[in-house]
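Reader: I have a model open and would like to learn how to read it. Please take me through the features one at a time.

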Amino acid sequence: MEVQKFWTKGKIIFLLTFILLVGSIASIIYINRSKLKKEYIKIENQLLNIAPNYIEREGIILNAGEWREISIKELTKNSYIPSAYLKDCKGYVIASSDNDDDIKFNAYVKCGNIYTTENYGKKLSSKTKNTAKTQSQKDTKKPEIKLIGKEEMNVALNSTFKDPGVVATDNIDGDVTKKVTVDGTVDTSKEGTYELTYNVKDKAGNKNSITRKVIVSAKEETTTGDINKPVISFKSDIESTICTGEKIDISQNGLYGYSAYDDVDGDITSSVKISGSTGIMNSVGSFVINYEVSDSSGNKTTETRNFNVKDCSSSSGTITKQKIIDVTGLTITPTTMPLSVGSTGKINVYFVPSNATNKALRYTSSNPQVATVDLSGNVKALSTGTSVITITTNNGISATCTINVK
């Protein structure tokens with residue numbers, strides 16, 4: 001009787017194919033796990049990078065010996081992490097103060113079944129836990145409203161009046177223009193002075209309003225053409241932190257989404273030009289994006305947005321940052337500035353205390369048709385009248401300078 005061999009050529013080919021297939025699957029799984037681990041480490045580092053900004057923006061003060069647990073949800077509420085894998089992660093960052101000068105940040109995250117930081121689940125003593133309300137929780141800041149067009153408009157008797165409208169933004173809710181209501185009407189069949197009051201309220205109940213005066217008259221007005229600048233507004237004030245090797249999302253409807261309106265041309269969002277640090281970022285630091293738009297009459301408006309770039313290539317676990325010292329008062333010189341049309345001036349700002357670290361300022365003009373102000377406090381007189389320049393810090397401290405243009 002002939003004995004049949006077990007390891008036939010067909011069986012050997014099948015076995016080799018099976019081994020190759022299993023090896024390929026194992027390699028793919030290993031490569032995928034390695035890729036995911038790198039992504040999760042990037043997320044951990046991004047959470048650490050935005051935690052100091054969260055503490056600063058939310059006005060949390062940690063005294064010596066205190067600590068604060070900040071969940072991923074809280075951290076990403078007003079800061080953006082551009083990763084599709086963020087949904088895989090849960091956990092928090094603990095901010096702790098060992099002394100009065102520094103705050104230490106430690107990340108404790110678990111991302112799927114692939115990456116878990118050391119001591120994940122760690123908690124500190126409840127006796128030293130900081131539970132003060134954050135700025136978002138107590139949100140006392142009013143939304144900001146900007147008029148499109150003039151603060152005072154002249155309209156001919158029996159003509160058609162078209163309200164240019166406003167744009168409104170909130171530090172927490174973002175773009176709230178759709179929530180604006182208007183009190184008052186304009187009857188162009190009757191001479192007189194009419195007032196339109198634009199009102200807006202954020203989710204926390206903070207209210208703000210601004211008024212436009214409309215003068216209906218049979219008297220022929222001398223026209224000087226379109227001298228009103230367009231208005232650029234942003235969909236949110238979220239500040240993004242990205243990793244080296246990435247670029248910021250500058251799409252119209254993205255994180256840094258924007259719109260532009262003009263009192264004559266209407267919606268001119270498509271005309272906005274963006275410049276600055278818009279490509280792939282290979283260096284760490286803080287960078288600026290510039291937005292510029294002009295209407296058909298050549299009136300130009302510019303705005304800027306900031307974002308941060310961090311190195312997220314390896315797991316650091318802990319970072320330390322000098323404690324934020326907020327501004328408690330502002331002194332400006334001069335408080336009244338007389339200017340002639342076409343001339344310029346400078347507002348000087350002095351901080352209290354002098355060693356404050358949170359020195360970011362925002363300048364606004366109550367009447368930009370009379371005088372404008374840039375990000376450095378340089379004032380330019382455009383037409384006769386009065387404008388009040390308001391200087392505001394990140395934590396809401398403000399001071400004013402009155403500009404009288406003759």
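Reader: How many salt bridges does the structure hold?

Author: A salt bridge here is a side-chain nitrogen of Lys or Arg within 4 Å of a carboxyl oxygen of Asp or Glu. By that rule the structure holds four. Before going further, note that this is a predicted model, in which local features need pLDDT of at least 70, side-chain atom pairs count only at pLDDT 80 or more, and totals for chains, interfaces and linings use all residues. Residues are numbered from 1 along each chain as its sequence is written, and side-chain values use heavy atoms, with hydrogens and water left out.

Reader: Are Lys-42 and Glu-246 buried or exposed?

Author: Buried means under 20% relative accessible area, exposed means over 50%, and partly exposed is in between (1.4 Å probe, protein chains only). Lys-42 and Glu-246 are both buried.

Reader: Where do Glu-144 and Arg-362 lie?

Author: Their side chains meet in a salt bridge of 4.0 Å, N to O. Glu-144 is in strand β6 (residues 144-147) and Arg-362 is in strand β25, so parts 218 residues apart in sequence are tied together by the pair. Glu-144 is partly exposed, at 26% relative accessible area. Arg-362 is partly exposed too, at 31%.

Reader: Which residue does Glu-303 meet in a salt bridge?

Author: Glu-303 meets Lys-146, at 3.5 Å from N to O. Strand β19 (residues 300-310) holds Glu-303 and strand β6 holds Lys-146, so the pair ties together parts 157 residues apart in sequence. Glu-303 is partly exposed at 24% relative accessibility, and Lys-146 is partly exposed at 30%.

Reader: How many disulfides does the count come to?

Author: A disulfide is a pair of cysteine sulfur atoms within 2.5 Å. The count comes to one. It is formed by Cys-89 and Cys-111, with their sulfur atoms 2.1 Å apart. The link of Cys-89 and Cys-111 is right-handed, with 110° about the S-S bond. Cys-89 is in strand β3 (residues 89-96) and Cys-111 in strand β4 (residues 102-111), so the parts tied together are 22 residues apart in sequence. Both Cys-89 and Cys-111 are buried. Another cysteine, Cys-401, is buried with a relative accessible area of 0%.

Reader: What does Ser-259 touch?

Author: Contact means heavy atoms within 4.5 Å. Not counting residues up to four places away in sequence, Ser-259 touches Val-231, Ile-232, Ser-233 and Thr-269. Ser-259 sits in strand β15 (residues 258-262) and counts as buried, at 9% relative accessibility.

Reader: Where is Lys-359, and what is it in contact with?

Author: Lys-359 is in the loop between β24 (348-352) and β25 (361-365). Leaving aside its neighbours within four places in sequence, Lys-359 is in contact with Phe-351 and Ser-354. Its relative accessible area of 38% makes Lys-359 partly exposed.

Reader: How many helices and strands are there, and how spread out is the chain?

Author: The chain has three helices and 29 strands. The radius of gyration is taken over C-alpha atoms, and the globule rule is 2.2 Å times the number of residues to the power 0.38. For this chain the radius is 29 Å, well over the 22 Å that the rule gives for 406 residues, so the chain is more spread out than a compact globule. Its C-alpha trace spans about 125 × 55 × 35 Å along the principal axes.

Reader: How much of the chain counts as buried?

Author: Of the 406 residues, 38% count as buried. Among contacts with a separation of 6 or more, 62% are between residues 24 or more positions apart.

Terms used. Helices (H or I, at least four residues) and strands (E, at least two) are DSSP runs, numbered from the N terminus.
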